[in-house]
Amino acid sequence: MEEFDRLMLTIPQPADPEAPDGKDDTENVELKKVGEIRKFEFEPKDHVTLGTELGIIDIERGVKLAGSRNYVLKGDGALLHQAVLRLAQPGIDAAAVRSVLRSWGPGRFDAELLLDGKAFRPDGKSASTLIPPAFGLAGVNMHTWTGWGSVTHWNAFVAVLEMQGKGTLYDPRLDDASKFPLAAKNNFGHRTSDPDLVTPKLGALHFYQLALAPPPAPKGSFDARAAERGGALFEGKAKCATCHVPPLYTEPGWNLHKPEEIGIDAFQAQRAPEDGYRTSPLRGLWTHKKGGFYHDGRFSSLRAVVDHYDTFFNLGLTDDEKHALCEYLKSL
Ligand code: HEC
């Protein structure tokens, strides 16, 4: 019997024991038919042909890896498979978390992964964001790209949830199971601890963080004359200052915008309670030129950001004006 089991383990995908014996698939027995069988006006292709032609199924490799009747999903096929799994099971295991962490790259983090289990965007790219600057936040309402709350809200959030510190966090927005399935299931919005080692430190930490001024741009790192023209454009023709209000460079008050107001997708916004993006306070931009701009670094240069606004808002900026605006941004 042991020998039988050992041999069976080497046979890929054996037939169900209930299946009747026959010489080949022509002797298969039909058990039931569901619905109307569609008639095509053309010769329909089977899933193997379709999958191979679309480059989403690789049968040769599957057979090499695991024997006959196996296949490997690749490209969009693999993404589709992941999507279906995620639909059925929003949780993720430790190995998956590790591979996700490795996919982020330097300067990036995904603060929402533990809340919603979404490691990838619908286009298959990482769901992580750049880490926003911790300086220049005095006077700024919302902290983080998607405006979860103020600096002190985020400090409590990070200490208690991200770092699993012993403390208190109250944020009933995390009870929204459609947005935050893992947070809701684990009651993340109602954490308490005795002793509470976090809450007593929040005041001093808040005070300290608000005192961090943005470092001034080094002399010679931008063209000062162009920057001056850029400043006039920023507040005039380019209309940047309607949202990035100097000297905070974000709106005093409710500094969040719907994705469509700035011409980008909603994926990351929808992973936060307010479905919006915070107007980035722009001071000290020169310190984080690596990794791109906007929450996910989608624009690789300041010029790409300005080009985006020029197209989206129909600004009609000339090449020279775009250059001047970029020099101004580098000077902040
Ligand atoms: C409707 C409001 C609005 C206007 C007008 C606007 N911005 Fe923005 N800006 C935003 C928001 C919101 C973000 C954050 C986007 C994100 O997080 O992906 C942003 C982000 C940026 C960033 C990226 C900052 C970073 O740290 O990556 C730059 C640079 C920028 N804006 C420059 C400009 C310039 C230059 C103009 C004028 C041509 C302008 N903005 C006009 C709302 C606005």
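How many C-beta neighbours inside 10 Å does Y294 have, and how does Y294 count? Y294 has 18 such neighbours, so Y294 counts as partly exposed. A residue is buried with 20 or more other C-beta atoms within 10 Å of its own, exposed with 12 or fewer, and partly exposed in between; C-beta atoms are placed from the backbone. This is a predicted model: local features need pLDDT of at least 70, side-chain atom pairs count only at pLDDT 80 or more, and totals for chains, interfaces and linings use all residues. Residues are numbered from 1 along each chain as its sequence is written.

**View 1. The whole protein.** The protein has 12 helices and eight strands. Helices (H or I, at least four residues) and strands (E, at least two) are DSSP runs, numbered from the N terminus. The radius of gyration is 27 Å, well over the 20 Å that the globule rule gives for 332 residues, so the protein is more spread out than a compact globule. That radius is taken over C-alpha atoms, and the rule is 2.2 Å times the number of residues to the power 0.38. The C-alpha trace spans about 85 × 60 × 40 Å along its principal axes.

**View 2. Around the ligand.** The ligand has 24 residues around it; C240, C243, F293, Y294 and H295 come nearest. A residue is near if its C-beta atom, placed from the backbone, lies within 6 Å of the molecule. Two elements give two or more residues to this shell: α11 (302–312) and α12 (319–331). The largest share, four residues, comes from α11.

**View 3. Y294 in its loop.** Y294 sits in the loop between β8 (277–278) and α11. Its phi is near 75 degrees, a positive value in a residue other than glycine. Most residues other than glycine have a negative phi, and most peptide bonds are trans.

**View 4. T144.** T144 also has a positive phi, about 70 degrees, although it is not a glycine. Its loop runs between β4 (129–130) and α7 (151–162). T144 is buried, with 20 other C-beta atoms within 10 Å.

**View 5. Cis peptide bonds.** D194 and P195 are joined by a cis peptide bond, with omega about 5 degrees. P195 lies in the loop between β6 (190–191) and α9 (199–210). The bond from P246 to P247 is cis, with omega near 0 degrees. P247 belongs to the loop between α10 (224–235) and β7 (256–257).
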